[in-house]
Amino acid sequence: MKSLFDDVSFKCSKLVTKNYSSSFSIAVKMLSPSIRDAIYSIYGFVRFADEIVDSFHDYEKENLIDDFEKEYYKALNLGISLNPILNSFQHTVKEYNITDDLVQAFLKSMKQDLTKSSYNTQTEYADYIFGSADVVGLMCLKVFTKGNNTKYEQLKNEAMRLGSAFQKVNFLRDLKDDNLILNRTYFPSINLNNFTEAAKTQIISEIEDDFNIAYQGIVKLPIEAKFGVYTAYIYYKKLLTKLKNTPYHEIGNSRIRVSNYTKAGLLAQSFVTYKLKLV
């Protein structure tokens with residue numbers, strides 16, 4: 001039966017989420033069960049596309065990402081794909097009316113990673129972040145608001161700013177790998193060779209502004225989504241604090257992480273905050 005295959009497909013997306021990001025997986029578990037599968041399916045789609053451009057160095061990446069895109073649209077038209085990640089994602093796209101401009105903006109940024117190694121202007125930088133992160137936040141917001149377009153429009157800017165904050169934190173803690181392994185520089189005019197404490201401070205200040213605006217949207221989210229999104233917010237805020245306390249010359253030497261013990265504490269903290277209706 002198709003329903004059984006769909007169920008297996010969503011479980012595959014959940015497995016992808018769990019194996020690629022334990023932190024995001026924890027946050028998704030804090031969402032209402034009614035929307036978890038949809039968020040897993042979004043993560044599975046964006047993760048596979050990201051893996052193509054970031055990890056599959058021994059293969060024809062251009063062909064792989066092109067085939068991935070073609071297979072997605074084929075799945076969208078047919079209502080089924082034997083690729084379970086695409087099958088679950090197309091189901092979510094249709095159920096929550098995720099518009100094609102969001103998908104296209106995401107794929108555009110992924111394809112840029114195949115040919116573009118540096119983002120030298122603020123416009124280029126903002127455009128990449130919009131496609132690689134902001135639109136993912138908007139896809140999730142489509143699920144959270146469940147067709148309430150008024151609510152979606154009200155929270156749109158805050159969702160984008162949260163996506164931006166998450167992406168910039170990742171850029172900062174992956175500075176070394178992006179620069180030396182992938183030969184990419186995302187922050188305009190900044191790389192390992194000219195990274196300074198002043199540059200780090202400027203980037204962190206920018207991220208803090210994103211987080212402050214994003215928080216204003218988190219408190220307005222539907223009850224089904226609020227705790228899960230707040231959990232992810234708390235985790236990334238902790239990462240930012242660790243980056244802030246790390247000397248600029250150390251950031252490129254190792255990837256900043258949050259221990260499992262600390263994650264458990266953050267989860268408990270966010271639960272108490274949520275239950276006390278402080279968020």
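Me: How many salt bridges does the count come to here?
Reply: The count comes to 15 salt bridges. A salt bridge is a side-chain nitrogen of Lys or Arg within 4 Å of a carboxyl oxygen of Asp or Glu. This is a predicted model, where local features need pLDDT of at least 70, side-chain atom pairs count only at pLDDT 80 or more, and totals for chains, interfaces and linings use all residues. Residues are numbered from 1 along each chain as its sequence is written, and side-chain values use heavy atoms, leaving out hydrogens and water.

Me: Which residue does Asp6 meet in a salt bridge?
Reply: Lys2, at 2.7 Å from N to O. Both lie in helix H1, four residues apart, about one turn of the helix. Helices are DSSP runs (H or I, at least four residues), numbered from the N terminus.

Me: New topic. At what angle do H4 and H6 pack?
Reply: About 170°, with their axes 10 Å apart. Axes are lines fitted to C-alpha atoms over the stretch in contact, and angles run from 0 to 180 degrees between N-to-C directions. So H4 is roughly antiparallel to H6 (angles over 145 degrees count as that).

Me: Which H6 residues meet H4?
Reply: Asp100, Val103, Gln104, Leu107, Lys111 and Leu114. On the H4 side, the residues include Ile65, Tyr72 and Tyr73. Contact means heavy atoms within 4.5 Å.

Me: And where does Asn97 lie?
Reply: In the loop between helix H5 (84–95) and H6. Phi of Asn97 is near 55°, a positive value in a residue other than glycine. Most residues other than glycine have a negative phi.

Me: What about Lys146, what is its phi near?
Reply: Near 50°, also a positive value in a residue other than glycine. Lys146 lies in the loop between helix H7 (122–145) and helix H8 (149–173).

Terms used: Helix = DSSP H or I, 4+ residues; strand = E, 2+ residues; numbered from the N terminus. Parallel < 35°, antiparallel > 145°, perpendicular 65-115°, else oblique.
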